[in-house]
Number of protein chains: 2
Amino acid sequence: MKKEVKAGDIVEIKTDKETVKGTLLESYDPSVYLIKLDSGYNIGIEKSKVKSLKVTGKTKAAEFPEAVIKPKKGLPGISIISTGGTISSRLDYKTGGVKWLMKPEQVFALSPKLLDIVKINKIENPFMIASENMSPENWIDIAKTAVKLLNEKENEGIIITHGTDTLHYTAAALSFMLQNLNKPVILTYAQRSTDRGSTDTVLNLSCSAYAALSNIAEVMIVGHASINDNFCYALRATKCRKMHTSRRDTFRPINELPLAKIEENGKIEILSKEFNSRNDKKKVSADTEFEEKIALIKYYPGANFDIIDFYKDQKYKGLIIEATGLGHVGTEESKFNWLPSIKSAIESGMTICFAAQTFYGRLDPYVYAPGRELQKAGVIFLEDMLPETAYVKLGWVLGHEKNNEKIRELMLKNIAGEFNSQISEKTFLF
Amino acid sequence: MKKEVKAGDIVEIKTDKETVKGTLLESYDPSVYLIKLDSGYNIGIEKSKVKSLKVTGKTKAAEFPEAVIKPKKGLPGISIISTGGTISSRLDYKTGGVKWLMKPEQVFALSPKLLDIVKINKIENPFMIASENMSPENWIDIAKTAVKLLNEKENEGIIITHGTDTLHYTAAALSFMLQNLNKPVILTYAQRSTDRGSTDTVLNLSCSAYAALSNIAEVMIVGHASINDNFCYALRATKCRKMHTSRRDTFRPINELPLAKIEENGKIEILSKEFNSRNDKKKVSADTEFEEKIALIKYYPGANFDIIDFYKDQKYKGLIIEATGLGHVGTEESKFNWLPSIKSAIESGMTICFAAQTFYGRLDPYVYAPGRELQKAGVIFLEDMLPETAYVKLGWVLGHEKNNEKIRELMLKNIAGEFNSQISEKTFLF
């Protein structure tokens with residue numbers, strides 16, 4: 001009996017502990033049934049623990065519409081950069097994993113609502129990768145493609161589709177690399193693949209289209225704002241991060257409110273006073289010099305300072321340290337006093353910055369004596385800047401500047417909204 | 001004129017940009033006025049930018065009550081372990097920093113409300129350090145002191161006062177080290193020093209006392225739940241983290257609701273069904289074997305796998321990697337393919353576990369092919385366990401077990417509530 005079930009079968013499996021319903025996937029481990037639950041999670045059930053297994057149906061292979069996009073007349077134009085990620089993928093019931101859609105166009109053909117809002121002029125496809133595989137050279141590729149499209153008159157704005165895992169890093173990189181920005185640059189995503197009923201692609205793309213036509217000439221992440229399917233937030237690229245492994249409203253603003261709320265009917269409510277306005281007379285350019293020899297590390301109790309020495313020996317040019325509290329690492333009282341290694345690395349020419357491992361709030365080196373000593377040693381305390389944004393900014397700053405004092409000045413200068421001097425109480429856990 | 005101002009003076013300083021009022025502190029940098037604002041933040045103002053400076057008053061040195069605690073009759077008894085941190089400190093207007101209170105007792109003398117709730121039997125003081133300076137040997141010290149106090153009949157429970165920066169790491173360590181727990185173990189803190197009007201010490205200590213007398217025999221962090229001063233949460237030690245650099249309600253539950261809500265009048269509302277109940281017949285013991293040769297690292301785009309090779313070369317025994325999304329790092333598509341280094345480290349005997357850098361949500365290695373490949377290589381995917389808890393648990397597990405299969409089993413076994421199989425929607429950004 002059990003041997004007859006096939007990948008794609010809808011099954012009901014009972015063990016002593018539970019009853020599981022879902023679609024059977026191909027499992028690489030022959031001792032395990034791999035099941036896709038309706039929630040989208042895949043779980044493995046050891047065959048030896050199965051008391052009963054019933055086939056209740058069969059999943060039809062999803063059908064994909066032809067990737068022919070018929071532009072509607074009279075709509076404003078945008079262009080799209082498609083880079084991979086779940087939004088460009090479909091579920092493969094054979095392996096239980098996801099596969100790329102055959103052509104980047106298909107994701108938009110699967111979202112007909114988008115085509116009622118905008119005319120898609122071009123779809124550029126510099127590469128197709130999962131976002132955990134991005135590296136700074138991919139950011140540079142995207143920035144150069146974006147500049148080309150933003151300087152074309154026919155585009156009111158652009159949408160970049162991208163995997164979620166490192167979307168906020170790419171978004172921050174574009175914020176620094178795109179100089180003299182003239183139009184909206186929207187990054188969007190899906191947490192559930194585009195062919196599935198619970199996909200977030202449709203709403204995210206529609207809201208992205210409205211944002212791309214708006215007056216907000218900023219780099220923004222647009223996506224689900226809540227568990228509901230009726231509105232999105234536009235978040236400033238340098239002030240947000242992925243906060244949940246699987247929720248559709250995973251991107252959250254940190255130390256700032258969203259720039260705007262975008263409803264499914266296109267209504268845009270501005271929530272932040274500070275943003276650059278659209279200016280079609282401007283010509284955007286790409287400033288992509290980037291120092292890749294940088295790293296991001298986290299301090300924790302028991303952390304050995306050998307990691308600083310390692311990066312110094314490897315001739316790294318800069319480090320972001322996720323410090324505890326108001327900006328602390330182990331000092332004299334500790335078994336692991338980081339101060340001598342930090343001093344020596346800075347003396348050798350390395351730039352060392354602190355950002356908050358709490359994410360929310362602001363560093364303050366003045367409260368405790370060791371903080372002041374670290375500052376004296378040359379550590380740059382990055383206020384309320386996110387560690388991930390700080391990592392991206394550090395690479396970009398070091399790509400442009402070798403002088404220590406100028407590096408410090410640039411790191412502390414608000415270039416792309418990465419600092420917020422007035423953090424409202426409401427922003428905590430927003 | 002300007003030269004006459006002294007540390008302790010209340011001043012009003014005007015620059016072109018702003019007017020700042022606060023208390024002048026001693027500044028290590030002679031070109032800067034260091035000001036303590038009413039909000040508690042210290043800021044530096046360059047003297048060259050000052051347009052006017054007015055002295056409007058003088059701050060009186062805070063007076064500290066004698067550290068004589070007169071126990072009230074008929075109250076239930078607890079004991080306290082005082083380890084340092086802001087809760088044990090007072091503001092020093094001369095340096096602008098904080099200093100330890102003269103004696104650990106003073107913090108409790110400054111919180112008379114506590115003494116109406118419980119009789120303090122003993123105050124143990126194994127050391128006084130800022131919590132960023134803690135290391136695993138301090139956790140072991142605290143665990144041994146806790147065991148002694150918990151096995152004394154006269155104590156209904158214990159309170160541990162501690163700095164905030166790494167409080168959640170210590171709390172997690174005690175959760176694994178205290179075996180056969182019989183009574184409540186409460187860790188508490190202050191974000192504002194005990195001598196200040198806005199201090200959180202008083203409410204945190206009262207609520208901690210109520211929690212220490214409760215039926216919940218768990219290791220818990222108790223502290224402000226909101227911006228208001230009227231109730232606290234008790235959070236499971238393995239499921240929370242410091243989420244804000246300075247807010248008093250900085251500790252938040254992750255992937256779980258709080259265990260309980262504790263009102264200032266002592267009313268306790270249980271929010272979680274699962275906890276161990278008080279059992280005074282049990283005898284608690286300390287199981288403190290800990291492998292210190294472990295590390296916690298974070299993956300990010302552009303991260304070089306040389307860091308894995310470094311820890312392997314240094315003969316580290318285990319690594320927690322904060323992976324992106326559902327549990328990803330760069331693989332074949334990436335400029336930096338981490339897979340070969342991870343495989344080689346695991347083959348050399350190192351334990352490598354993944355935890356979520358989003359903090360919220362659960363890993364799932366089954367969704368994408370590289371996840372399954374990493375799992376095949378031996379990476380342990382730690383579900384919804386916090387990376388910081390995972391780091392602590394890894395050291396504790398490796399202190400006890402050398403066999404790879406048993407290490408995996410223990411890492412995935414729910415020992416101290418570090419896993420939650422049913423994460424409610426409400427827990428996100430709670």
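Q: In this predicted model, at about what angle to β13(A) does helix α4 of chain A run?
A: Helix α4 covers residues 167–177 of chain A. It lies across β12 and β13 of chain A. Its angle to β13(A) is about 155°.

Q: Do β12 and β13 of chain A pair in the parallel or the antiparallel sense?
A: Strand β12 holds residues 185–188 of chain A, and strand β13 holds residues 219–224. Three bridges link the two strands. Val185(A), for example, stands opposite Val219(A) in β13(A). The sense of the pairing is parallel.

Q: Which strands stand at the edges of the eight-strand open sheet of chain A?
A: The order in the sheet is β9-β6-β10-β12-β13-β14-β17-β18, with mixed pairing. An edge strand here has a single partner strand, so one side of it is left without a neighbour in the sheet.

Q: How many residues make up the hairpin link from β1(B) to β2(B)?
A: Strand β1 (residues 9–15) and strand β2 (residues 19–25) of chain B are antiparallel partners over five bridges. Within this pair, Ile13(B) has Val20(B) as its bridge partner. The hairpin joins the strands through three residues.

Q: What kind of axis relates chain B to chain A?
A: Chain B can be laid on chain A with an RMSD of 0.1 Å. This takes a turn of 180° and a shift of 0.1 Å along the axis. That is the relation of a two-fold axis.

Q: Which element gives the largest share of the side of chain B that touches chain A?
A: In the interface, 69 residues of chain B are in contact with 69 residues of chain A. Elements of chain B that each supply at least two residues include β4, α3 and β20. The largest share is three residues, and it comes from β20(B).

Q: Through which surface do the copies meet?
A: Take the interface residues of chain B. Of these, 99% are also interface residues in chain A. So the copies meet through the same surface.

Key:
Residues are numbered from 1 along each chain as its sequence is written. Chains are lettered from A and ligands numbered from 1 in the order in which they are written. This is a predicted model: local features need pLDDT of at least 70, side-chain atom pairs count only at pLDDT 80 or more; totals for chains, interfaces and linings use all residues. Copies are superposed by least squares on the C-alpha atoms of residues with pLDDT of at least 70 in both. Two residues are in contact if their C-beta atoms, placed from the backbone, lie within 7 Å. Helices (H or I, at least four residues) and strands (E, at least two) are DSSP runs, numbered from the N terminus. Two strands pair if DSSP finds at least two bridges between them. Axes are lines fitted to C-alpha atoms, for helices over the stretch in contact, and angles run from 0 to 180 degrees between N-to-C directions.
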